[in-house]
Amino acid sequence: MEITSVCSMASNAITSEQSEKQIPARMSTATELKLGQKLNEGKTKQIFEILDEPGHVLVQSKDQITAGNAVRKDQMEGKAAIANKTTSCVFKLLQDAGLKTAFVRQHSDTAFVASRCEMIPIEWVCRRIATGSFLKRNPGVKEGYRFTPLKMEMFFKDDANNDPQWSEEQLLAAGFDLAGLTIGRCEVDIMSKSTVAIFEVLEKAWATQDCTLVDMKIEFGVNVTTKEIVLADVIDNDSWRLWPAGDRSQQKDKQVYRDLKEVTPEAMQMVKRNFEWVAERVKLLLESQARGRVVVMMGSTSDVAHCEKIRKACASYGIPCHLRVNSAHKGPDETLRIKAEYEGDGEPTIFVAVAGRSNGLGPVMSGNTAYPVINCPPVTPDWGAQDIWSSLRMPSGLGCSTVLSPEAAAQFAAQILGLNNHLIWAKLRASMLNTWVSLKQADKKMQDCSL
């Protein structure tokens, strides 16, 4: 490779002709990356070593669009920038949720920086609706059949043999050793579980745009530095099927290009408009129109430490949390005034009642608001066993729940708000996955020690 640097303000993809030439900086104020050798080149991207960032690579998109293992391929001006924008937004959404990816940052219009990985040569395909190649391989299944749970498939990356479908047993038998990590049962299970979680997070996000995520393919790699399995490669409009309003006739993904009977300038403009539509909508997935907050009502400032744990846990889900002090026993009028204050602005609110000894806050709040109320009493070792009954045994007509752990109370509030906020839901879903993965890895270590 003769490339020595690339400018972060560059807007054009590196073509195969340019790949053997030096790329000059376009602006003196732009941040430059010193590039080393070209590590890999695919149909739609190139991977370059970054000399001044050990452990990182530059993923440079190309303007090429292909179908059928490049049996059909064309240049679509601007595709590199569209694909890079889409990938960068998708990976940011997943990372903000807490999912592990190779993505580091967007570098330019057409390139992003990623952790260097040794790629696992498997495409993981997750399907919600039966269509495309699945119907050809499974005659008798009608298009539109909905998979619940999701249908998982994997394909070995081998262009010469049209990427044959593999089973888990074949993947295990292959015994891939990448970056010092052998791909065994633990690693296969992690990739399988992660694929489902990633699909569900993106499915929930696209639903906010009234768009159905039909299916999706992703790839994983082994981070050469941390030796962890992470989501790698790209996720752009080549990676999925998207049907606005669940209507295949409105599809906006690469299938439109695959279905072209003849590639004309007019047809390519239509394909480009679809890709641009996706790139614009995908930015909206990083935002949420849904609102919500948690209001912690404490009976005394002696409970502040307990309440701060709730606030900290709420912050981890991106939920605003307000702390208030009042006593339903000593100042019921003030309790109801504060309640009315939060009801009056129309913001969806969950009240958390924190009261030791006799809990009057929770029952009073629950009896006077239609908003959810969660009791989270600070249980003490002396009278805690007796005090807890004032939170557990409620008069008829009251519906407040009781959760003893402050972190769990915040999680319960997040689960309620997550019903209408895909960003909160994504954090919950990622947390579930990460907990499962940590247990899986702990079990693997325990087995290794036992052996």
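Guide: F91, F103 and F112 form one aromatic cluster, where rings of Phe, Tyr and Trp (its six-membered ring) pair if their centres lie within 6.5 Å, and planes under 30 degrees apart count as stacked, over 60 as edge-to-face and the rest as tilted. The model is predicted, with local features needing pLDDT of at least 70 and side-chain atom pairs counting only at pLDDT 80 or more, while totals for chains, interfaces and linings use all residues. Residues are numbered from 1 along each chain as its sequence is written, and side-chain values use heavy atoms, with hydrogens and water left out.

Visitor: How many aromatic pairs does a search of the whole structure find?

Guide: A pair of aromatic rings is described by the distance of the centres and the angle of the planes. The search of the whole structure finds 12 aromatic pairs. Among them, F134 and F147 are edge-to-face, at 5.1 Å centre to centre and with 80° between the planes. This pair links distant parts of the chain, since F134 is in helix α2 (residues 133-137) and F147, 13 residues apart from it, is in strand β11 (residues 146-156); helices (H or I, at least four residues) and strands (E, at least two) are DSSP runs, numbered from the N terminus.

Visitor: Is F134 buried or exposed?

Guide: Buried means under 20% relative accessible area, exposed over 50%, and partly exposed in between (1.4 Å probe, protein chains only). F134 counts as buried because its relative accessibility is 6%, and F147 is buried with a relative accessible area of 7%.

Visitor: Which kind of aromatic pair do F351 and Y371 form?

Guide: F351 and Y371 form a stacked pair, 6.3 Å centre to centre with 25° between the planes. F351 lies in strand β20 and Y371 in the loop between α9 and β21, so the pair ties together parts that are 20 residues apart in sequence. F351 counts as buried at 1% relative accessibility, whereas Y371, at 23%, counts as partly exposed.

Visitor: Where does the charged end of R72 sit?

Guide: A charge sits over a ring if NZ of Lys or CZ of Arg is within 6 Å of the ring centre and within 35 degrees of the ring normal. The charged end of R72 sits over the ring of Y257, 5.5 Å from its centre, and K252 lies over the face of W277 at 5.3 Å from the ring centre.

Visitor: Which residues of helix α9 are buried?

Guide: In helix α9 (residues 361-368), the buried residues are L361, G362, P363, M365 and S366.
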